[in-house]
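Subject: Handing over the structure

Hello,

Here is the structure I promised to pass on to you. Please have a look at it first, and then read my notes below.

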Amino acid sequence: MENLISYLVKSLVDEPDLVNITEVPQEEATTYEVRVAPNDLGKVIGKQGRIANALRTVAKAAAKKDKRKIYVEIIA
Amino acid sequence: MSETETDVMPITATDTAGEGTDPANMKPEVQEALTLMTEVCEAIGGGIYPEITSLKGDYLTVDLAGGDTAETWGKAGRSLDALQFLCNLLLARRIQSHLRLSLDADNYRERRTEALTEKAREIAQLVKDGDEEAVMEALPAHERRIVHAALMGDEEIETYSEGEEPNRRIVIAPKRNR
């Protein structure tokens with residue numbers, strides 16, 4: 001899962017080297033905290049959060065096979 | 001070991017897919033799109049892989065195959081649409097041409113086109129019966145195109161879209177004589 005989120009986020013930004021994904025496992029779900037360069041924030045959020053929402057939808061769909069609830073949070 | 005893993009080539013393009021999709025003679029932008037989809041599928045994991053099904057104008061249709069694609073991507077259109085939206089963003093960053101990806105899984109697009117067409121005709125009938133316009137649920141651009149096309153030949157009604165993405169909706173209205 002981290003693979004997929006990392007691949008997508010790094011492909012969206014101008015500074016892939018500054019992308020950091022932290023996996024935070026909880027009892028019921030796993031949260032993936034996404035950090036990017038300040039100038040790249042807009043590229044992973046998008047107008048009205050469209051890109052961020054698409055990232056969440058895709059990650060959730062891909063996580064179905066692991067039978068695991070996941071959240072994707074973009075940390076500013 | 002399932003037989004699909006042994007008898008299917010991971011990357012295929014049949015000669016019916018259209019000009020420029022033959023692996024030996026692929027246009028650079030189509031090659032780039034296929035590379036992108038191969039990377040995306042590898043990142044998703046679970047043995048899924050891309051297959052080019054057609055190239056019509058600027059639209060390259062890629063089918064997601066293998067693994068649990070039918071279950072995961074072929075049922076909920078929202079997931080497939082979100083993946084398609086992201087893949088087109090990534091593709092636009094890599095190529096200069098207007099090539100667009102249309103993703104499919106387990107024939108979802110065909111089923112969805114049939115369902116949307118049927119629904120559009122049902123609503124059109126209600127609009128005619130009640131002589132009052134109706135607003136459909138918000139749809140992505142490629143699905144609105146299906147609805148417009150489905151009702152294009154109907155002389156008694158007209159269709160147009162209103163609102164901003166991603167909440168743009170189709171209005172089906174009785175055609176007034178002007």
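Helices (H or I, at least four residues) and strands (E, at least two) are DSSP runs, numbered from the N terminus. This is a predicted model, in which local features need pLDDT of at least 70, side-chain atom pairs count only at pLDDT 80 or more, and totals for chains, interfaces and linings use all residues. Residues are numbered from 1 along each chain as its sequence is written, chains are lettered from A and ligands numbered from 1 in the order in which they are written, and side-chain values use heavy atoms, with hydrogens and water left out.

Let me start with chain B. Chain B has six helices and six strands, and from the N terminus on they come in the order α-α-β-β-α-α-β-α-β-α-β-β. Of the 178 residues in chain B, 42% are buried. Buried here means under 20% relative accessible area, exposed means over 50%, and partly exposed is in between (1.4 Å probe, protein chains only). The accessible areas come from the Shrake-Rupley method with a 1.4 Å probe, and for residues only the protein chains shown count as cover.

The expected span of a helix is 1.5 Å times one less than its number of residues. For the 18 residues of this helix that gives 26 Å, and the end C-alpha atoms are 26 Å apart, so the two agree. Its buried residues include B:Leu80, B:Leu83, B:Cys87, B:Leu90 and B:Leu91. As background, an α-helix has 3.6 residues a turn, so residues three or four places apart point the same way.

A salt bridge is a side-chain nitrogen of Lys or Arg within 4 Å of a carboxyl oxygen of Asp or Glu. B:Glu32 is partly exposed, because its relative accessible area is 27%, and B:Arg94 is also partly exposed, at 31%.

A search of the whole structure finds 13 salt bridges over all chains. Among them, A:Arg35 pairs with A:Glu33, with 3.2 Å between the closest N and O atoms. A:Arg35 has a relative accessible area of 33%, so it counts as partly exposed. Another joins B:Asp106 and B:Arg111, whose closest N and O atoms are 3.7 Å apart. Both ends are partly exposed, B:Asp106 at 44% and B:Arg111 at 41%. There is also a network, in which salt bridges that share partners join A:Asp14, A:Lys43 and B:Arg93.

Patches are made of residues with over 30% relative accessible area and no salt bridge; like charges are joined within 9 Å, and nonpolar side chains (Val, Leu, Ile, Met, Phe, Trp, Tyr) within 5 Å. Lys and Arg count as positive and Asp and Glu as negative, while His and the chain ends are not counted. The place of a charge is taken as NZ of Lys, CZ of Arg, CG of Asp or CD of Glu.

The positive patch brings together A:Arg56, A:Lys60, A:Lys69 and B:Arg78. A:Lys60 sits in helix α3 of chain A (residues 50–63) and is partly exposed, at 41% relative accessibility. The negative patch is formed by B:Glu110, B:Glu114, B:Glu118 and B:Glu122. B:Glu110 belongs to helix α5 of chain B (residues 108–130), and its relative accessible area of 49% makes it partly exposed.

The peptide bond from B:Glu165 to B:Pro166 is cis, with omega near 0°, and B:Pro166 lies in the loop between β5 (157–162) and β6 (169–174) of chain B. A:Gln48, which is not a glycine, has a positive phi near 55°. A:Gln48 is in the loop between α2 (41–45) and α3 of chain A, and is exposed at 67% relative accessibility. B:Asn107 likewise has a positive phi, of about 60°, although it is not a glycine; its place is the loop between β3 (100–105) and α5 of chain B.

Enjoy exploring it!

Best wishes
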